[in-house]
Each structure stands twice: as C-alpha cells, then as structure tokens.
Amino acid sequence: MKTQHEASDLLKKYNQGTATPEEVALLESWQLSSTPEGGELFGESERQEDLDEVRANLVRLSGRTKTVRLWLRLGIAAAVAAIIISAGIWFRVQPSADHALQVAQQDVPPGKKGATLTLSDGRKIQLSEATDGHLAEQAGISITKTSGGQLVYEITESSGAAGQRNVLSTSNGETYQVRLPDGSLVALNAGSSLAYTVPLVSGGSRHVKLTGEAYFEIAKDAQHPFVVESEGQRFSVLGTHFNVNAYDYREAIITTLLEGSLQVANSNGRQVILKPGQQATSNNQNIRVSEVDGTIYTDWKDGLFTFSNEPIESVMKRIGRWYNVNVIYKGRQTAPVTYSGTISQYENLSGVLKLLEQNADLQFQVRENTITVLLK
C-alpha cells in the first residue's frame, strides 16, 4: 500500500502530465476495489457514485472565470479514485437535479479512424471500408493500408514519373495517419486534408498542402527540405516534429514546434524560426511567437481532448468537429467559463457533455445532430 505522501505525489504528477510510463501503468492497474488501511470508507454503492463523480472533484475558481479540471478516462478515474481513497483525501460530491443533461434517447458515438484517399486518376478509396493490404501502385510507389489504420507509401522501384497528385481527406468525426514515401509520418485531424505528389520529392524539395489540422513527424533529409503550405503560409523544415492548426485560418494559423527547428513565413514576407516549445500565431500581417506546453496542442493525435484555460466556445468547436454535430447557443453568459484538463475522445458525446455540465453554470440539450448550449 502506498503511503499518503506517495499516493498524493503520484496523483499530482499524473495530473500535471509529468508521470513516467511506469507510473501511468501503476495508476491504470490500481483497482477501485482497493481499500485504505484501517477499513472501508464507504459502501460499494457510495463508492460507485463517487467514481461517477470523481471527474467533477478538482475545481478551481479564479475571479469570474471558472477553470475546471476534467477527468473522463474511466480506467484512470478508477485508479485516481483508489489513490484518493488510500491517501485519505476523498471528496463527496452531491449530484444536483438542476444539472441533469437533457439528451434525446439516442446518443452520439465518438469519431473513428477513417479517411478518403483520392488518387491521381480520380479514383476514391474509403479507407474505413477498404481491406487491409495493397491498395494501389503509382510511379514506383506501393500504397498499402495497415491493420492499425495507417496509410503507407513505400518506394518499390526507381521511377522518373512525377506529378501524380494524391489527396488524403478526413470528414468531421474522422482521423487518419499516413506514412509518406520519405518516411515522414502525418496524423490528420478531423475535417482536414493533405495533398501531395507521388513520388513526394519534386523540384528539390518535399512538398505538401494542408487544410485543417495535422501533426507532422518529418524524416531528416538535408538534401530535400520539407515544405508545408497552408492557406498562403509556408512552413519549411529538414527534420522535425510540429503541429499546424489552420482551421480558423482567417483569424490565424497556430503552429506548435515540439522538436527540431521550423521556419514559418506568411504571405506578407514576414518569417520567424521556431525553437522547441514555441508556438507561432500567424496571419497575413503578423507572426506572434510564444512559449507553450506543446503536448496540449498535440494530444488529439493520441485520442485526447486537452484544454488549458480554454473558453467554452473553443471547447465546443472541437467537440462539434469530432462528434460531427452542430453547436448553437441560447441565453446570456454572465461570467466567462474556461476549462482545463483532459477528456478521452472515445467517450460517447453524452459522457463528455455531462462532465462539462457538472462543472459549469450551463446546460446542454442534444437533438439529432445539434447541441444547444444553454448559457446562464
């Protein structure tokens, strides 16, 4: 049995995202049935009720802005509940009838791995329906789909053919990964597309065009810079890990660097070089650089929503895109509401909304494919 101090430290490290893989594994294997030294704190029914509410326990208030710490990975929630019990720091949360999520009988399932591959001859392949294995051959490049849901381009023979344009696109509620011919890995978020030629290298560089959001792990190749174009902006690298969010490109494109270096240039001729842990917020006029925690902006590729003091409007944009639903607002917001924390993207919509609702002065209604946010 861990001591109170050890359990509290472990919980704190997980909550801050600094736990090692071994410590995370310990958390996930810690059973809810664990009892504290000295006996049972609550009965089984009370413990189950508290497990359902543990995600609402960690709440901070700052001025008129509510910041909520979120938990919704059930395995982790159980482990955290066990640790809180064993550390003697369990909180009781009384459910409120005023916070009953108003959801139609049907629920909305989470998004899935899926995309459409459009080949240069116009043929479209629905990857969620395609059989694993070989899909096509183009310009000496073999295109296959793996059992893990990844599209892989592999050079099979030397070829001078060029200009065969492929487009990988995801609808709302879909995400997919592609391994390009140079070995670079690209994870495509929902409602996004990536266009590239086969083979990838052309005119001395590797070149792709992005709409939406993608995470890049670029294979090193000093002879051929990797260039990403997105809505009039260019990102040039030799080998690095970074994320480009161009969903709201009319306001700004957000580029986050995790490893290596990255040149960001806008259509006005301005450019900056990012270092790891830096983020560029750029439009056609300016580029602003800030220091950030890069994992907050890339957790989506690992199936997580991670929020850091994020306004409800931004939170709901992301949720609407992933669950492929519309979002509308009713009422007046009396105080800004922001969220901080992590939610699994593999929960049904009702579970995610219930968690948000329990921790803020608002409610949700779900009718068919529309979420109505009832502000108070």
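## Salt bridges

At 45% relative accessibility, K317 counts as partly exposed. In this predicted model, K317 forms a salt bridge with D248, and the closest N and O atoms of the pair are 3.6 Å apart. D248 is situated in the loop between β18 (241-245) and β19 (253-259), whereas K317 belongs to helix α5 (residues 312-323), so the bridge ties together parts that are 69 residues apart in sequence. D248 is likewise assigned as partly exposed, because its relative accessibility is 33%.

The search of the whole structure finds 6 salt bridges. One of them joins D182 to R206, with 2.5 Å between the closest N and O atoms. This pair links distant parts of the chain, 24 residues apart: D182 lies in the loop between β11 and β12 (185-188), and R206 lies in strand β14 (residues 205-211). D182 has a relative accessibility of 23% and therefore counts as partly exposed. R206 counts as buried, because its relative accessibility is 0%.

A further salt bridge is formed by the side chains of R318 and E310, at an N to O distance of 2.9 Å. E310 is classed as buried, because its relative accessibility of 12% falls under the 20% cut-off.

## Strand pairing around β9

Strand β9 (residues 150-155) pairs with strand β8 (residues 141-145) in the antiparallel sense, over 5 bridges. Within this pairing, K145 has L151 of β9 as its bridge partner. The two strands form a hairpin in which 4 residues separate β8 from β9. G149, located in the turn, has a positive phi of about 80°.

Strand β9 is also joined to strand β11 (residues 174-179), here by 3 bridges and in the parallel sense. The bridge partner of Q150 in β11 is Q177.

S230 is part of strand β16 (residues 226-230). The residue counts as buried because its relative accessibility is 1%.

The side chain of S230 reaches the backbone oxygen of L210 at a distance of 3.0 Å. When neighbours within four places in sequence are left aside, the contacts of S230 are L210, F235, A246 and I253.

How values were computed: Residues numbered from 1 in each chain as written. Predicted model: local features only at pLDDT ≥ 70, side-chain atom pairs only at ≥ 80, totals over all residues. Heavy atoms only, no water. Buried < 20%, exposed > 50% of the residue type's maximum accessible area, 1.4 Å probe, protein only. Polar contact = N/O pair within 3.5 Å; in protein donor to acceptor, adjacent residues only side chain to side chain. Contact = heavy atoms within 4.5 Å. Pairing = 2+ DSSP bridges. Salt bridge = Lys/Arg side-chain N within 4 Å of Asp/Glu carboxyl O.
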